[in-house]
Structure formats: C-alpha cells, structure tokens
Amino acid sequence: MPLTGNVALFVDLENVVTSLWNSHRQAPDPRAWVEKARKYGLLSFARAYGDFGQDYLRDLEPRLRVAGIEPYQCPAKVRGDRTQSTVDMNVAIDLYEVAQDHVTTNTFVLMAGDSDYVRIVNRLRLRLGKDVVIAGVPGSVSRALVEAAGGNADPLEVVKVPDDPETELEIIRR
C-alpha cells in the first residue's frame, strides 16, 4: 500500500486489550500501535475507545496519551443486569466523520476484530475510496471484516511471553 495522504488510527480497546490478554497473555503497547499506523503515512488522527471506568483500562489511559493516542470515553450502558458497550457505535461514527471531514486522510487503520464493523469498512472502501487496514489480534479477527477491507490485514505483533510466574504477575500488575 503506497504512502499517500494521512492515516487515521481507531482502536477498539475493549476488543484489543481483552483479546491480547485472553489469547496471548500480553499487555497492550500503544506506542507499537502508533508505529504500525505510521507505516502507512503521517498520523493525522489517533483515538482509542473504551470505558475508562473499567479497572483494566484505567491504567492504560496515560500510556495512550504518551503515545499520542486520544483516549475517548465510551461509558457502558447498564440496564438491569445487562451491560452494553457503546464503543462500536462511537468508532463507526468517527470513522465516517473523519472520512468526510479529513479529505487528505486516505488510510484508516482499524484495530479491532469483530464483524460489527463490516458495514462501515465497506462504505469507507467502496463508496469513499479509502484504504482500510485491519490490525487486530491474531486469532480474534473476523474473516468477514478483513474481506470487507479488501483483504488488507496487518495483525498486531504478539510477543511470546515465557512461562514464568514472575513475568505473569508483572503483566497482571501493569
């Protein structure tokens, strides 16, 4: 993919952080996410979406800011005993708004894996002529999502963590 125009980065934190931990016992690295997006051009927009009231995301907020990613608060809706995330809706709206308002942004890096984004990814690519790169956690990315992006997948790098109880405790602490 050529380096033309600017790049926008969108991170579904709930998806990425949970998948990194559950599948690979790996902590998130926001600086690595920025470097991945910068492979495609100049970073003109970078936002990570999540409910920062959740313990597992609270400590990540300052690290996002240091990396140059704006944390965007998406409080979960609670109805009785059910909790519903508002992340997907907020990401979809911002994907569309950036595509409309930032005309020099040609590449959209979406760090997510669920198929809820298929429709907006198709719109960006087919109707607005944007390049979309799906950069999800290996083993947790919907095939349909990658297909909607025209096959453009650039998975997050996963580091093999040694089976060491001390290392695991440090990861949990972080």
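## Helix H4

In this predicted model, the buried residues of H4 are Leu-60, Leu-64 and Ala-67. Viewed along the axis of H4, these buried residues fall within an arc of 65°, so they line one face of the helix. The face turned away from this buried side carries Arg-65 and Val-66, both exposed.

Several elements contribute to the cover over the buried residues of H4, including H1, H2, S2, helix H3 (55–58) and S3. Just after H4 comes Gly-68, which takes a positive phi of about 90°.

## The sheet

Five strands make up an open sheet, and their order is S3-S2-S1-S6-S7. The pairing in this sheet is parallel. Its edge strands, each pairing on one side only, are strand S3 (70–73) and strand S7 (131–134). On average, and with direction ignored, neighbouring strands of the sheet are turned by 20° against each other.

S3 and S2, both listed above among the cover of the buried residues of H4, pair with each other in the parallel sense over four bridges. Within S3, Pro-71 stands opposite Ala-48.

## Nonpolar cores

In soluble globular proteins, nonpolar side chains tend to be buried together. Here the largest nonpolar core has 25 residues. Leu-13, Trp-33, Ile-69, Val-109 and Met-111 are those with the most contacts inside this core. Two or more residues each come from strand S1 (6–12), helix H1 (13–24), helix H2 (30–38), strand S2 (42–50), helix H4 (60–67) and strand S6 (105–111). The most is given by H1, with four residues.

Neighbours within four places in sequence aside, Val-109 is in contact with Val-7, Ala-8, Leu-9, Phe-10, Ala-37, Tyr-40, Val-133 and Ala-135. Another core lies apart from the largest one. This other core has 24 residues, among them Val-91, Tyr-117, Val-121 and Leu-124.

## The protein as a whole

The protein has eight helices and seven strands. Of its 174 residues, 43% are buried. When contacts between residues at least 6 apart in sequence are considered, 69% join residues at least 24 apart.

Methods
Residues are numbered from 1 along each chain as its sequence is written. This is a predicted model: local features need pLDDT of at least 70, side-chain atom pairs count only at pLDDT 80 or more; totals for chains, interfaces and linings use all residues. Side-chain values use heavy atoms; hydrogens and water are left out. A nonpolar core is a set of buried Ala, Val, Leu, Ile, Met, Phe, Trp, Tyr and Cys residues joined through side-chain atoms within 4.5 Å. Buried means under 20% relative accessible area, exposed over 50%, partly exposed in between (1.4 Å probe, protein chains only). Contact means heavy atoms within 4.5 Å. Two strands pair if DSSP finds at least two bridges between them. Axes are lines fitted to C-alpha atoms, for helices over the stretch in contact, and angles run from 0 to 180 degrees between N-to-C directions. The arc is that of the directions from the helix axis to the C-beta atoms.
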